[in-house]
Amino acid sequence: MRMIATLLLLVVAALDGALPAAETPNVIVIMADDLGYGDVGCYGATELKTPHIDRLAAKGLRFTQGYCSASTCTPTRFSFLTGKYAFRHPGAGIAAPNATALIRPGTETIASLLKKAGYATAVVGKWHLGLGDVPGPDWNGLLKPGPLEIGFDRCFLLPTTNDRVPSVYVENHRVRNLDPKDPLWVGNKRPGPDHPTGTDPEVRAKLKMNWSHGHNHTVHNGIGRIGYFTGGHAARWRDEDLADEWVGQSIKWIEQHKDGPFFLFFSSHDIHVPRMPHERFQGKTTLGFRGDAIVQLDWCVGELAKTLDRLGLTENTLVVFCSDNGPVLDDGYQDGAIPKLGKHTPAGPYRGGKYSIYEGGTRTPLITCWPGTIEPGVSDKIVCTIDLAASMAAMTGQTLSADACPDSFNVLRALLGKPDAAGRDHLVQQPNRGPTLALRVGDWKVLSYPNAKPIKSRTYEKSKGRYELYNLADDPGEKKNLATQQPERLKEMLSKLEAIKTAGSSRDRQTVGILHSDGSATPNP
Ligand code: NG6
Ligand code: CA
């Protein structure tokens, strides 16, 4: 009887991708910031070396059609955690320094799902999804809700981004090392006429890195930031030390949880501006600090891999390497990214980058590595960071409730490189907030700019029309707009996009299956 039950369980597991509990691996998601498709060696970069990321790809599966769901940070991170398209969620655009928690307690997330499956869970690094409640984060008190209220057991954070104030660490519910006698104040107005800012000529002349646009409010560590802050001096970090801190915190936590299973979201600030890598990485490439920050990111990946090896966890850990949006050169600082670019192509063969819905905005490096389980190779299946939640639920044998992770598809078999696996058949791409959206269905892609205003981007070209239609198989660089030649297809694609928008979900609420863009549905375990 028991044997039959075990056999049955194994059959069910084999069908839906769930693994027996003893075989569920630790999971580490390494998310880079603003890293483009062409920024690393294994994706074609020749002007700098990324041996550790390349090794991950050589031992694992490198996706040529791996995506993040948005071409800016907050919406991609929101979707990665919740499995929901950010355009469905008001306020899921780039978060301001004093933004409150975007993901409310009680929301199912990749972390809460893995926690339910018995995983220890932690996030280390950039958060940028808001903290606390209205009217704003209580920087001197308890910073909740936050990651700990949506499934993480531990967090050690850069609360916003490295170009936004406050430049302090948050550990669990509090600013680390905050001296109550030197309280932290964060705001969006200059606190007084004698508060030095990046716009003051004498201050600007002495900056460690000059700004080119924005980033001229409070100066910290010789660099102008977005937003103003005072106090909290003992709690402040140095940009140069962030990567070391993420690695140190992560290694300590992995060691504590080596008996597993554990889920670590390693959320690097590299290579977001201001790019100020540790002194030991400065000058390591000919590309300026943008290139040096990639080398620093690569070092982080190497340190995590070394730790897994040392603890004997490599064959028991699924590592996913990805980015939160495509590349940008000048994102507000004069750091040499443009003059020192040379032959380097940050978005690889793709058009656009950060802030755009062309492929360069969201088609980014995506690697899965699990030695002994994933056969090394290259996959052309379409997968997205938004799918990790449903895929991890499937891996741990959990059924998603009808309203959980509504746009996340179980693509576990594709992530593990199973020969018969399907990826996504369609994907919505977005820049920051709506209403601009793109829909990819198979090889076809429609770009819709409903406000008819061209996308503003300082480093990449502007959109020319209200709608664009491309065939990515013939035209991966999105150069031949077929919108006027193929009005029927354009109409059909736009109505599919509209249907996905109004459905409120990409999953069929009846069967809790995947709702395809042609209206059909298949079960999603
Ligand atoms: C923009 C900032 C940019 C960057 C971005 C967020 C200006 C002029 N530009 O508003 O520098 O911070 O927001 O980047 O301030 S993200 O990768 O975190 O989404
Ligand atoms: Ca980003």
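**Exercise 1. Salt bridges in the predicted model**

Task: State how many salt bridges this predicted model contains, and describe the one between Asp-39 and Arg-290.

Solution. 
Step 1. Count the pairs in which a side-chain nitrogen of Lys or Arg lies within 4 Å of a carboxyl oxygen of Asp or Glu. The count comes to 31 salt bridges.
Step 2. Take Asp-39 and Arg-290: their closest N and O atoms are 2.7 Å apart.
Step 3. Asp-39 sits in the loop between strand 1 (26-32) and helix 2 (51-59), while Arg-290 belongs to helix 7 (residues 289-310). The two are 251 residues apart, and the pair links distant parts of the chain.
Step 4. Check the accessibility: both Asp-39 and Arg-290 are buried.

**Exercise 2. Buried or partly exposed?**

Task: Decide whether Lys-208 and Glu-240 are buried or partly exposed.

Solution. 
Step 1. The residues form a salt bridge, with 2.7 Å between the closest N and O atoms.
Step 2. Lys-208 lies in the loop between helix 5 (201-205) and strand 9 (219-220). Glu-240 lies in the loop between strand 11 (228-230) and helix 6 (242-256), and 32 residues separate the partners.
Step 3. Buried means under 20% relative accessible area and exposed means over 50%, with partly exposed in between.
Step 4. Lys-208 has 41% relative accessibility, so Lys-208 counts as partly exposed. Glu-240 has 3%, so Glu-240 counts as buried.

**Exercise 3. A strand and a helix**

Task: Find which elements are linked by the salt bridge of Lys-445 and Glu-359, and classify both residues.

Solution. 
Step 1. The side chains meet at 2.7 Å, N to O.
Step 2. Lys-445 is in strand 19 (residues 444-448) and Glu-359 is in helix 8 (residues 359-362), 86 residues apart.
Step 3. Lys-445 is buried because its relative accessible area is 0%. Glu-359 is also at 0% and therefore counts as buried.
Step 4. Elsewhere, salt bridges with shared partners join Asp-33, Arg-77, Lys-126 and Asp-324 into one network.

**Exercise 4. The surroundings of ligand 1**

Task: Describe the residues around ligand 1 and name polar contacts with its oxygen atoms.

Solution. 
Step 1. Ligand 1 is surrounded by 18 residues, the closest being Cys-73, Asp-163, Arg-164, Asp-331 and Lys-354.
Step 2. Sort the shell by type: four nonpolar, seven polar and seven charged residues.
Step 3. List contacts to oxygen atoms of the ligand. The side chain of Asp-163 has an N or O atom at 2.6 Å, a polar side-chain atom of His-215 is at 3.0 Å, and a polar backbone atom of Asp-331 is at 2.8 Å.
Step 4. Consider the cover: ligand 1 taken alone exposes 450 Å², of which the protein buries 85%.

Notes: Residues numbered from 1 in each chain as written. Chains lettered and ligands numbered in written order. Predicted model: local features only at pLDDT ≥ 70, side-chain atom pairs only at ≥ 80, totals over all residues. Heavy atoms only, no water. Near = heavy atom within 4 Å. Polar contact = N/O pair within 3.5 Å; in protein donor to acceptor, adjacent residues only side chain to side chain. Areas by Shrake-Rupley, 256 points an atom, 1.4 Å probe, with all protein chains shown as cover. Nonpolar A, V, L, I, M, F, W, Y, C, P; charged D, E, K, R; others polar. Helix = DSSP H or I, 4+ residues; strand = E, 2+ residues; numbered from the N terminus. Buried < 20%, exposed > 50% of the residue type's maximum accessible area, 1.4 Å probe, protein only.
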